[in-house]
Amino acid sequence: QEGSLLFWGWVLAMFAVVVEVQNRQQNQELMPYVRAGIMITEAFFLILMTVVTNPFERLPFVPQDGNGLNPLLQNPGMFFHPITQYLGYVGFTIPFAFGMAALVTGRLNDLWIRTTRRWTLWAWLFLTLGIGFGGQWAYVELGWGGYWAWDPVENASLMPWLVATAYLHSVMIQERRGMLKVWNLVLVMLSFILSILGTFITRSGIIQSVHAFGVSSMGPYFLAFMGLTSVTFVYLLSLRLPALRSDNELDSFVSREASFLLNNLILVGATFATVWGTIFPMVSEAVTGNKVTVGAPFFNQVNAPIFLVLLVLVGVCPLIGWRRATGANLVRNFLYPLIFGVITAVALFFLYGVRNELALVGYSVSAFVTATIVSEFYRGLRARHRSLGENYLLAFQRLVDSNRRRYGGYVIHVGVIMVAIAITGSTFYKQETEGTIKRGEMIKLRDYSLQYDGLRQYPAEGYDVVEATLRVFKGGQPIGVLSPAKNYHKHAEQPTTEVAIRTDLVEDLYLILAGWDNNGETVTLKAIINPLLVWMWIGGAVLILGTVIAVWPDPKEERALARVRARELALQPAG
């Protein structure tokens, strides 16, 4: 715990250095207050490390040898997960500091937004990586066959991610139409406060979680910091409301502005539902003395429809026209994707026997969104090919270079669709079985047969391994050997589970060694089929690629930022 807070403070100090270097000769009106915002946050963590939980406190004796790293954390994913998670959490401090500086100085045009867009994208990317590495760690290390359990600490990472996603969409409306200025400031504040809340939930000891630290006395400090920050923000926002009027109004409910606003409301609604479900046990215990458990069924029932509507908007928002979409615009952009989505639904229902309503809708919506993105790329490529004579490969490169933010966003949406397909398949069509078999016998699951060939025990570095060997058959044909195991670490009370996974593009076969007799003649196994789960990890990689494209320096955006700065200088009084 102490070391993680030290890391938080160190990362923020490094980010402060980068901000100083980036703004040596620009944003001089904002920078004193940006520094103040960063320094106040840094001071808060330094107070925690000085008063509450000192990372440099010495033991009263010199131990001969430590217990080593927790066996559950001895996984490559857990090397990357906390680092990327913290880079995401801490990164949201920078846009918040600029937003507060804009409120203090009254420089409320979109200069601060354009200055911090990449900071927000980088923070969002790192938090995405943190969530992804955490899910991968849970899948391969905890031995339960899942990747997301709506655990309070998992929720704590999702909440700022959802709000930051809303901000990255709504900020385009402010840049393009001068709208949602107050809303964007609120979203920036919420991203920061929810990052602090996530750190608080993990470290206060007020919730029960496999991810959380033990009980500590730092809870009141976090609550006081979040409270003072929120009150200060609301006060400054109220003072600046007259200057934050929108330059334009919503012209039509059938427009890109309206669809982005609906997208924002849905994302914030999902955030609220997640926050409420996460903190409700604490609230109920404080009010009634009884802690009510809020489990995965609540989050699934509430958020599944929300995310399904959000998936539709992923396809609609980028392609609908600004201000007022015409009927011709809607037909041109959505007729063929809609037909493709309907054909997908019919094919899945009649040819593949998909009967679950949510799964059928999820797959058909994914097909619709994919078709909208493909059609948008196709129109751009065809236009460049016809007008400039470029071959399609060169046209694709130059099309993306012409608007990296836009086409990087499309690539991100493709990654989101892949993740949605994986979640749909692994949620609604997961199959599992458990049984005890003797040497030479088989356990069957669907068209898989698993023959137990024996148990072996051997020492490894720092632990002992008990490993079962199983030959795997599919449709009667041998396809490989899997070896699930248990590891017994010298200083751990419980063994860790080492699952065996066979992955292809269609499904994962996931094996868990649950138990065995003394001589190894009999073992108890659990086998799980997770359909389409590999697309979770492929989609994550595509999402990262799209974010890198979107965050890469774009000359067109640099020119837009230079124009905003020039207008800002022109409006300053002489002398």
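Predicted model: local features only at pLDDT ≥ 70, side-chain atom pairs only at ≥ 80, totals over all residues.

Trainee: How many salt bridges does the structure hold?

Mentor: There are 18 salt bridges in it.

Trainee: Let's start with Arg406. Which residue does Arg406 pair with?

Mentor: Arg406 bridges to Glu376, with the closest N and O atoms 2.3 Å apart. Arg406 sits in helix α14 (residues 404-428) and Glu376 in helix α12 (residues 357-388), so this pair ties together parts that are 30 residues apart in sequence.

Trainee: And is Glu376 buried or exposed?

Mentor: Glu376 counts as buried, at 9% relative accessibility. Arg406 is partly exposed, with a relative accessible area of 36%.

Trainee: Switching to strands: where do Glu432 and Lys526 lie?

Mentor: Those two side chains meet in a salt bridge, 3.4 Å from N to O. Glu432 is in strand β1 (residues 431-438) and Lys526 in strand β10 (residues 522-531), so the bridge links parts 94 residues apart in sequence.

Trainee: How accessible is Glu432?

Mentor: Glu432 is partly exposed, with a relative accessible area of 45%. Lys526 is partly exposed too, at 22%.

Trainee: Which residues are joined into one network?

Mentor: Arg446, Asp447, Lys474 and Glu507 are, through salt bridges that share partners.

Definitions and conventions: Residues numbered from 1 in each chain as written. Heavy atoms only, no water. Salt bridge = Lys/Arg side-chain N within 4 Å of Asp/Glu carboxyl O. Helix = DSSP H or I, 4+ residues; strand = E, 2+ residues; numbered from the N terminus. Buried < 20%, exposed > 50% of the residue type's maximum accessible area, 1.4 Å probe, protein only.
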